[in-house]
Amino acid sequence: MELKDNRPVFIQIKEWVEDNILSGRWSIGHQLPSVREMSAKFRVNANTIVRTYEHLGFDSTVRSVKGVGFFVAEGACESIKERRRQAFFDELLPLCIRQMELLGISPDEIIPIIKRHENKQ
C-alpha cells in the first residue's frame with residue numbers, strides 16, 4: 001500500500017488493517033504486526049501506528065493484550081462492514097447520485113456495469 005491521498009496517514013493505515021480483516025486474510029485472534037514492524041512497513045513514525053491501533057481499539061476492531069500486542073477482536077468484521085456501509089450510504093452514494101444527475105446517467109446505464117462486475121467475481 002502506498003500512502004498518498006490527502007487523508008490523514010493513520011486513517012489510511014487503519015483502512016488497510018480493516019481491509020485485511022474484511023478480506024479474510026486476518027481472522028479473529030490474529031495478531032497484528034508490531035508497532036515497530038508497521039512503522040517500518042509504512043515508513044512512518046511509531047506514534048502514527050500507535051494512534052492507528054488506538055482508533056482500531058476505540059472501534060472495537062482490535063483488542064490489546066498488555067505486553068503482547070494487538071489482536072483482531074471478535075465481531076471486528078461485522079463492525080467494520082456496518083461502519084463502512086453507513087459511510088457509503090451517508091457520504092459516497094449521495095456524491096455518486098449527484099454526479100449521475102449532472103452527467104445525465106440513468107440507473108439503467110449503471111445496472112449492466114454492476115452485473116458485469118458481479119460476473120467477474
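Predicted model: local features only at pLDDT ≥ 70, side-chain atom pairs only at ≥ 80, totals over all residues.

User: Let's start with charges. How many salt bridges does a search of the whole structure find?

Analyst: Side chains of opposite charge can pair when their charged atoms come close. Here the search turns up 8 salt bridges. One of them joins Glu 15 and Arg 7, at 2.7 Å from N to O. Glu 15 is partly exposed at 28% relative accessible area, and Arg 7 is partly exposed too, at 33%.

User: Which residue forms a salt bridge with Lys 14?

Analyst: That's Asp 59, again with 2.7 Å from N to O. The pair links distant parts of the chain, since Lys 14 sits in helix H1 (residues 9-22) and Asp 59 in the loop between H3 and S1, 45 residues apart. Lys 14 counts as buried at 11% relative accessibility, while Asp 59, at 23%, counts as partly exposed.

User: And what about Glu 18 and Arg 83?

Analyst: Their closest N and O atoms are 3.0 Å apart, in another salt bridge. Glu 18 is in helix H1 and Arg 83 in helix H4, so this pair ties together parts 65 residues apart in sequence. Is Glu 18 buried or exposed? Its relative accessibility is 4%, so Glu 18 counts as buried; Arg 83 is partly exposed at 27%. Zoom out and you get a network of salt bridges linking Lys 14, Glu 18, Asp 19, Asp 59, Arg 83 and Arg 84.

User: How many residues lie between S1 and S2 in the hairpin?

Analyst: There are 3, and Gly 67 in that turn has a positive phi of about 80°. The strands, S1 (residues 62-65) and S2 (residues 69-72), run antiparallel and are joined by 4 bridges. For instance, Val 65 has Gly 69 in S2 as its bridge partner.

User: Last one: which residues make the nonpolar surface patch?

Analyst: Phe 88, Phe 89, Leu 92 and Leu 95 do, covering about 390 Å². Phe 89 belongs to helix H4 (residues 76-103) and is partly exposed, with 43% relative accessible area.

Methods:
Residues numbered from 1 in each chain as written. Heavy atoms only, no water. Patch = residues over 30% accessible without salt bridge, like charges linked within 9 Å, V, L, I, M, F, W, Y side chains within 5 Å. Areas by Shrake-Rupley, 256 points an atom, 1.4 Å probe, with all protein chains shown as cover. Salt bridge = Lys/Arg side-chain N within 4 Å of Asp/Glu carboxyl O. Helix = DSSP H or I, 4+ residues; strand = E, 2+ residues; numbered from the N terminus. Buried < 20%, exposed > 50% of the residue type's maximum accessible area, 1.4 Å probe, protein only. Pairing = 2+ DSSP bridges.
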